[in-house]
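Hi everyone, thanks for coming.

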Amino acid sequence: MSAQIETVQRQPARLRQGEPVRLVLAGCGAVTKLYYAEALSRLQGRGQIAVAAIFDPEAKSAAVVQARLPGAKVAASFDGLLAVGADVAIIASPPRYHLDQSMQALRAGMHVLCEKPMATSSSDADLILAVAAANNLHVATGLVRRQFPATRSIKAMVEGGLIGKIQGVCCFEGGPFQWPVASTSYFSRAESGGGVLQDIGTHCLDLLTWWFGEPHEIHYADDAMGGVEANCLVRLGFGGFEATVRLSRDWARPNLYRLEGERGSISWAVNETELVEIALKGCRTAATASFTNTDDRSRDFVDAFCDQISDLVDTVRNGTLLSGSATAGRNVLKRIEECYARRKRLDMPWLGAEDFRHVIASAETRQ
């Protein structure tokens, strides 16, 4: 890390008991319209937070989000957003802005929740973490699947040995790309950091390392030929077993994670917040179990965003341990970089020899 660690000039104001935590939000694109706006509205309705201002360079997008958060001002610029003054900044802009906007928010004395990926490289993530640590500010990353009662229960069942020693894991996730992006920058490696691995693979690799620890072996292949990958295959070696990850942006996949153990199996459907299927050897039937958090309240997908924001808000207000630490976001970036560094071309048997030569030649021309 070559940059000198900065000490911010402004420190966050001391929160008064009972007052909502003031938030500002940068980025009113797809993830905000689909999830953050509703989550913030719910939390604001509970009196936990107050959204002071929002910002997006597209005025129409900002107007759509403001209609759902009518108390929020629309800032004309990112600098204007920070000038409003708040305790926490949520950075939901495209990935290429995550480093700069997170650093600016920290310099303004705000704690930061940055949507994944935390940055477009692990070295950039290190800069953010270093500045936050030097100034006693918190940074969290949007790894929302960690908030699901289902994934938390899988971690507890694995650690508790319910299905015995793990023998193998298969994650098969994806489908035709339908995310409502506003620009083609989503498909630029320079601007997004990668393709399907950097996108949904962030969640997948984070869950696997959360459940099983860091892999000791990584094999990676994808179909990128001059652009970002649409399909990839990852094989991760853990202690005594292998996890196979297949991700796609162009063909329908089962969207299922399956953990095989010596005494049974656990199956989890992607983005299912509460349900997990458990099958134990020797039993003729499998059970679908529904899990909730300790408050016994059912949670949908947006609630997971609420919990993610509340996690940081509680840390800021009460000094509680941050469960969604940005260190996890930095670590998964490092694993993704290790995958790309080991990249091999994915076998594509659906292409004939002539077709394959043509696409390779086209890719080399673009490069």
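Predicted model: local features only at pLDDT ≥ 70, side-chain atom pairs only at ≥ 80, totals over all residues.

Residues are numbered from 1 along each chain as its sequence is written, and side-chain values use heavy atoms, with hydrogens and water left out.

Strand β5, residues 111-115, runs parallel to β6, and four bridges join them. Strands here are DSSP E runs of at least two residues, helices are H or I runs of at least four, both numbered from the N terminus, and two strands pair if DSSP finds at least two bridges between them.

Zooming out, six strands make an open, parallel sheet, ordered β3-β2-β1-β4-β5-β6. β3 (73-74) and β6 (139-142) sit at the edges with a single partner strand each, so one side of each has no neighbour in the sheet.

Now the cores. A nonpolar core is a set of buried Ala, Val, Leu, Ile, Met, Phe, Trp, Tyr and Cys residues joined through side-chain atoms within 4.5 Å, with buried meaning under 20% relative accessible area (1.4 Å probe, protein chains only). Which residues touch the most other members of the largest one? They're L197, L208, F212 and I309, out of 72 residues. There's also a second, separate core of 30 residues, including V24 and C114.

Key: Buried < 20%, exposed > 50% of the residue type's maximum accessible area, 1.4 Å probe, protein only.
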